[in-house]
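Subject: Structure for you to look at

Hello,

Here is the structure I promised to pass on. Please open it first, and then read my notes below.

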Amino acid sequence: MIEISLQEQMKMCSLVLFILLLESTCCHAVRHTNIVIVGGFGDLAKKYLWSGALNLFVNNHNENATISFYGAARVSVEDGTKILHNILESVQCETKDNSCMKLRPAFLARSHYVLLKTKDHYQAFCGTLYSLSIESSVSMRNIFYLSVPSSSYEDVAKLIKENCNFSSTQIVLEKPFGLDKSSAVKQVNNIGKFFVSDEVWRVDHYLAKSVTKQILKFREVNRGELEKLLNNQYVDRVEVVMKERIGVSGRVDFYDQTGVIRDVMQNHLTELLALVTMELPGNVSDSRAVEQSKLAVLHRVASVDSKAVVTGQYRKYLAEAKEELVNTNQSHMTPTFAAALLHIQKLRWQNVPLIIMSGKHMDERSSYVRILFREKDFCVSGCADGNSTFMKYPRQMVFQISHGSVPSAGILVSRSLFTPKWPSGMKDLPMTSKDSLIHGQSPGDFYYGVPVNDLPAYFTVMSDLYHNVRETFVTAERLLTLWDIWDQSVQSSSLVIPRLYKEYDASSLNFSVEGFKLEFIEKEIRVYLESGEMSKQSIIPPEFRNSTLHVTEINKLIQILCDDIFEIATEAIRERGNFHIAFSGGQTAVNFFEKLAKEYPQFPWQHTHIWQVDERCVPYSTTESNFFSLHEHLIKFVDIPYFNVHPMPVNLGGKTCDISSRADTVYENEIVSLISGLKYDFIVLGLGTDAHVASLFPNSIHLHDNERLVSYSSAPEGFQTQARMTVLPTLVNHAHNVGILVTGHNKHEILHAISELTMKNEKYPVTFIAPVNGTLVWYVDFNAWLGSTGNAD
């Protein structure tokens with residue numbers, strides 16, 4: 001098979017040789033570039049690289065500078081040729097681009113598939129390129145674009161170096177450039193065995209964005225006005241933000257390894273921060289001067305402290321992980337949102353908060369660098385059109401990298417700040433927007449400039465690579481400096497369970513700057529989970545389904561529930577003279593009953609009435625009976641009057657759940673006669689793995705019964721006892737207080753499922769529990785919240 005493939009490759013390369021020899025002889029070609037996309041069938045190549053290759057060819061191929069493209073993969077020549085053909089067929093020109101239309105056939109003719117799997121394949125392919133360079137007398141340059149997993153970089157680099165080192169050869173790498181400082185150093189050193197720094201091009205496609213390319217040029221043409229403002233006397237804060245509407249479905253495995261900090265904050269967003277905070281060199285076109293200035297400011301950025309980072313995870317993430325992965329242990333800890341507070345240890349930026357933030361499934365798709373300036377001028381009279389008592393409207397400058405709510409990526413400058421000049425690559429555009437406010441200001445309050453040519457980032461990546469423009473790429477020294485900033489926080493944040501947030505509504509993630517740390521604005525509960533020797537800090541959201549949430553290990557959880565009951569009982573008796581509480585059954589309640597019986601000697605049992613939420617149609621003396629459990633673990637240990645205990649009469653008249661006895665009506669009448677306003681003081685419910693509460697099961701007809709308070713019910717097949725008696729949602733929702741106790745890892749999936757429901761759903765009976773004028777509290781243990789089986793402390 002290998003011999004056949006090599007022969008076919010030689011035939012293909014001979015055709016290329018013939019074409020280039022013809023060009024060299026007839027058209028005086030003096031330079032030829034081979035661009036080899038290793039991993040030419042991957043997502044990156046299909047989405048961006050081949051369209052970038054077409055654009056490069058259209059704008060640069062001529063008789064004196066020819067280009068050939070190769071898509072390299074590990075499938076047979078026959079299959080690979082077909083796959084590449086299909087990919088290239090999807091790479092089309094813009095409708096009105098006549099030049100592209102004319103040259104596209106030539107691009108297709110110069111794009112070939114090559115099998116690169118073994119050393120023999122590399123040797124044969126590179127040997128053909130070498131023969132071509134010798135026989136055609138063409139100055140040849142080889143660019144190998146490694147669109148493969150970073151774990152393969154070293155092996156591929158070695159094969160390229162050993163077989164293709166006959167002329168100028170460069171390799172191009174895509175992130176991740178390591179997952180921490182040590183792995184980044186290892187990657188740099190491994191690649192350095194084969195290629196010197198000038199031969200290695202590390203892509204950061206955010207540096208190729210049209211507006212990003214204009215930042216230094218904009219600062220240059222406005223040097224006189226702007227540079228005197230970019231310091232701690234005038235700047236209130238700097239925000240570098242990337243918000244995305246999409247999630248990570250289909251690539252959870254990658255995201256579990258990286259998370260949002262490694263994915264975009266440690267690289268893209270910190271690079272953007274450097275562009276607006278670095279000292280402006282005398283010549284912004286001098287790549288070496290620009291690089292030195294970037295390094296100078298990055299060296300002064302303090303290492304990000306763990307207290308200066310907050311993280312979140314969108315709620316569907318774990319469900320996506322379970323669909324894609326066998327082992328989801330890491331998925332609980334993966335942040336899909338993060339915000340960090342950075343500081344530059346330099347007088348110019350001293351005490352200026354530098355906030356970097358990114359998240360998936362946000363409320364908008366927008367990327368920007370926003371510089372907010374302090375206001376010093378106040379208005380005393382005639383202030384109606386100003387910003388409160390300020391003389392002017394808010395003053396800010398925004399580098400809008402992706403367009404968000406504005407028509408195009410561009411640069412926005414508050415009219416109250418200064419009148420900007422636009423560099424040659426930008427033009428003024430009257431501001432229009434569907435939104436009434438842009439970054440807190442009316443669209444008309446901005447000067448707005450947009451790139452003359454807003455090219456896709458990978459068009460620029462390919463062009464800059466071809467033309468040796470270094471600013472779009474990351475040097476090894478800058479890469480390691482970036483890791484110096486982020487390494488500590490990456491390690492510490494991997495131990496923090498992120499705060500859950502709803503997709504497209506991340507309001508629970510709103511945070512504030514408190515000194516040198518960030519804190520979520522909403523009340524939060526901090527707990528600690530012990531897993532072996534690893535202590536993990538978890539930030540639990542303050543609410544679940546718009547109700548109060550407690551999450552901790554089970555013993556502490558039951559303690560909290562008992563404390564709440566004791567406090568409410570004391571208050572109810574003080575106000576009304578008695579306390580009515582209803583308990584559901586189940587194994588979960590046993591520990592709860594025992595703690596309430598043994599550890600609360602001052603509990604006012606003499607004035608307490610105990611009721612049942614539901615009961616199985618069995619004798620009270622059997623272990624299946626909920627009342628049996630209630631009696632054996634609570635009632636017989638406390639000093640409660642016998643007539644204050646109200647078991648459900650499932651054995652009325654010696655008959656068990658005989659419909660003709662109307663025992664459900666008897667219990668209902670007892671409730672009506674003894675409980676004022678039908679308002680229990682406290683109802684304790686459990687939650688089944690199918691979301692049933694009490695004995696209200698999925699799709700039960702009783703869920704919509706607004707007339708009755710108590711009824712017979714039936715459990716689905718598979719339950720220990722099917723015939724039941726239960727209170728109905730109408731009665732539960734009259735209560736002053738309802739607590740839902742959820743324990744055990746087998747409850748995790750149902751908790752996740754109901755977390756996103758905002759309406760009642762018959763499939764999930766618990767969604768019908770919503771006290772009208774009372775309080776609902778969720779008591780959830782770690783195992784249920786995390787889906788784990790370990791103990792927490």
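**Cavities, a helix and salt bridges**

Sorted by class, the residues that line the second largest cavity are nine nonpolar, five polar and four charged. The classes work like this: Ala, Val, Leu, Ile, Met, Phe, Trp, Tyr, Cys and Pro count as nonpolar, Asp, Glu, Lys and Arg as charged, and the others, Gly among them, as polar.

Before going on, a word on the basis: the model is predicted, local features need pLDDT of at least 70, side-chain atom pairs count only at pLDDT 80 or more, and totals for chains, interfaces and linings use all residues. Residues are numbered from 1 along each chain as its sequence is written, and side-chain values use heavy atoms, with hydrogens and water left out.

Back to that second cavity, which holds about 140 Å³ of space. It has 18 lining residues, and the closest to its centre are Lys175, Pro176, Phe177, Gln266 and Asn267. Two elements give two or more residues to this lining, α10 (252-277) and α14 (476-493), and α10 gives the most, with seven. Helices (H or I, at least four residues) and strands (E, at least two) are DSSP runs, numbered from the N terminus.

For the grid: a cavity is a set of points, on a 1 Å grid over the protein atoms alone, where a 1.4 Å probe fits but cannot get out, and lining residues have an atom within 4 Å of a point. Points are joined across faces, edges and corners, and a volume is the space filled by probe spheres set on the points. The count is four cavities of 30 Å³ or more.

The largest cavity has a volume of about 180 Å³. Of its 14 lining residues, Leu318, Leu500, His748, His752 and Trp785 are the closest to the centre. Its lining has eight nonpolar, five polar and one charged residues. Helix α20 gives the most to this lining, with four residues.

How enclosed is α20 by the rest of the structure? Largely, because six of the eight residues of this helix (residues 748-755) are buried. Buried means under 20% relative accessible area, exposed over 50% and partly exposed in between (1.4 Å probe, protein chains only). The six are His748, Ile750, Leu751, His752, Ile754 and Ser755. Their cover includes α12 (317-324), β23 (543-544), β32 (737-742), β33 (775-781) and α21 (782-786).

On to charges: the whole structure has 29 salt bridges, each a side-chain nitrogen of Lys or Arg within 4 Å of a carboxyl oxygen of Asp or Glu.

- Lys181 pairs with Asp484, with the closest N and O atoms 2.5 Å apart. Lys181 lies in helix α7 (residues 181-192) and Asp484 in helix α14, 303 residues apart. Lys181 is partly exposed at 24%, and Asp484 is also partly exposed, at 40%.
- Asp681 and Arg576 meet at 2.4 Å, N to O. Asp681 sits in the loop between α18 (663-674) and β29 (682-686), and Arg576 in helix α15 (residues 554-576), 105 residues away. Asp681 is buried at 2%, while Arg576 is partly exposed at 40%.
- Glu599 pairs with Lys595 at 3.1 Å between the closest N and O atoms. Glu599 is partly exposed at 45%, whereas Lys595 is buried at 16%.
- Arg219, Glu227, Glu279, Lys346 and Arg348 are linked in a network of salt bridges.

Best wishes

Note on methods. Contact means heavy atoms within 4.5 Å. On a 1 Å grid over the protein atoms alone, a cavity is a set of points where a 1.4 Å probe fits but cannot get out, and a pocket is an open set with protein on both sides within 12 Å along at least five of seven lines; lining residues have an atom within 4 Å of a point.
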